[in-house]
Amino acid sequence: MEEKLLEIKDLFKNERLSSAFEIISQLQGEYDKSQNPEVDIIKADLELANECLSLLADLESWTLVKQTEEIATFTKGSSSEFIIRAEMIADSPMLPILALFSEVHLLKDWVPILKDATCLSQPTKFRRIIQYKYNLPWPANDMDMVVTAVGIPIADNNSALIVLRSLDSYTEFLGVNIPKPEGPRLTLTIGCLNLTYLGPEKTQVSLIAKSNPHMPIIPVQLVNYATKHGVYYFMEAVRNKANAFRGSVFEQLVEANPSYYQDLRDRIQGIST
């Protein structure tokens, strides 16, 4: 048992979640969850990943909201079961798009809805614990969200799947104290960003999100309306930033962090063949 738990920790550290899950399924007997938090984290990450992949694989049950040549947005469900989806074909390699989301501290510069974004911790190379603070009018002016985000290569789909899980129920996660909310805290029930390799200069970007703002003062229909239209402008911003990568601060940061971005290049190579 102890040997398997140590192997799981090592695989977790090296972002090999699927391999770690195979060992988890072999565990027998009780183990100390407080000393082995990686087990439940891997289970939750892969459960969410599977749910996201299932949603991504089905386009028939979604309702089209808006479509242009490059971007389409969709919804399904209503009220508390409302989910948004966006699809975009970007004339960009995958690396610049991944760089946009890797440099968390710059998100507020190009995502208008954000007041701030802080990486609270980077427990492993491709996992972040992030706090987002939103730039919204009253009564949502102090809204925030705290998530764990991790990238999972999906070789069968030639894609990199980033799953995001809210940490509302945690006061501490992987040794990091989760800040208390100063206002309403947005819960991301389902959150994923999937980047599919279509060629050296072409990437499909897919986004799915289901959230709960915990704000009964605002009708849920109004929140859903704002969300389904806002996601289009978010994808448009991703496209524009990726197209302007050359000579940008993002290209400078890629060059300044060769170890991290070479690992990303290697992961992209692994899913593109």
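Biologist: Is the crossing in which H2 passes H3 left-handed or right-handed?

Modeller: H2 passes H3 in a left-handed crossing. Left-handed is said when the near helix is turned anticlockwise from the far one by less than a right angle, and right-handed when it is clockwise. Helices here are DSSP runs of H or I with at least four residues, numbered from the N terminus.

Biologist: Before we continue, what kind of model is this?

Modeller: It is a predicted model, in which local features need pLDDT of at least 70 and side-chain atom pairs count only at pLDDT 80 or more, while totals for chains, interfaces and linings use all residues. Residues are numbered from 1 along each chain as its sequence is written, and side-chain values use heavy atoms, with hydrogens and water left out.

Biologist: At what angle do the axes of H2 and H3 cross?

Modeller: The axes of H2 and H3, the latter being residues 37–57, cross at roughly 115° and come within 10 Å. An axis is a line fitted to C-alpha atoms over the stretch in contact, and the angle, from 0 to 180 degrees, is taken between N-to-C directions.

Biologist: Which residues meet there?

Modeller: On the H2 side they are Leu17, Ser18, Ala20, Phe21 and Ile24, and they meet Val39, Ile42, Lys43, Asp45 and Leu46 in H3. Contact means heavy atoms within 4.5 Å. Seven residues of this contact are nonpolar, one is polar and two are charged. Nonpolar covers Ala, Val, Leu, Ile, Met, Phe, Trp, Tyr, Cys and Pro, charged covers Asp, Glu, Lys and Arg, and the others, Gly among them, are polar.

Biologist: And how do H1 and H2 lie to each other?

Modeller: The axes of H1 (residues 2–13) and H2 (residues 17–24) cross at roughly 165° and come within 8 Å. H1 and H2 are therefore roughly antiparallel. Angles over 145 degrees count as such, under 35 as roughly parallel, 65 to 115 as roughly perpendicular, and the rest as oblique. H1 passes H2 in a left-handed crossing.

Biologist: Which side chains pair up in that case?

Modeller: Lys4, Glu7, Ile8, Leu11 and Phe12 of H1 meet Leu17, Ser19, Ala20, Ile23 and Ile24 of H2. That contact has seven nonpolar, one polar and two charged residues.

Biologist: Changing topic, how do H4 and H8 cross?

Modeller: Their axes come within 11 Å and cross at roughly 130°, which makes H4 oblique to H8. The crossing of H4 and H8 is right-handed. H4 contributes Met94, Leu95, Leu98, Ala99 and Ser102, and H8 contributes Tyr260, Tyr261, Leu264, Arg265, Ile268 and Ile271.

Biologist: How many of those are charged?

Modeller: One is charged, alongside nine nonpolar and one polar.

Technical notes:
Helices (H or I, at least four residues) and strands (E, at least two) are DSSP runs, numbered from the N terminus.
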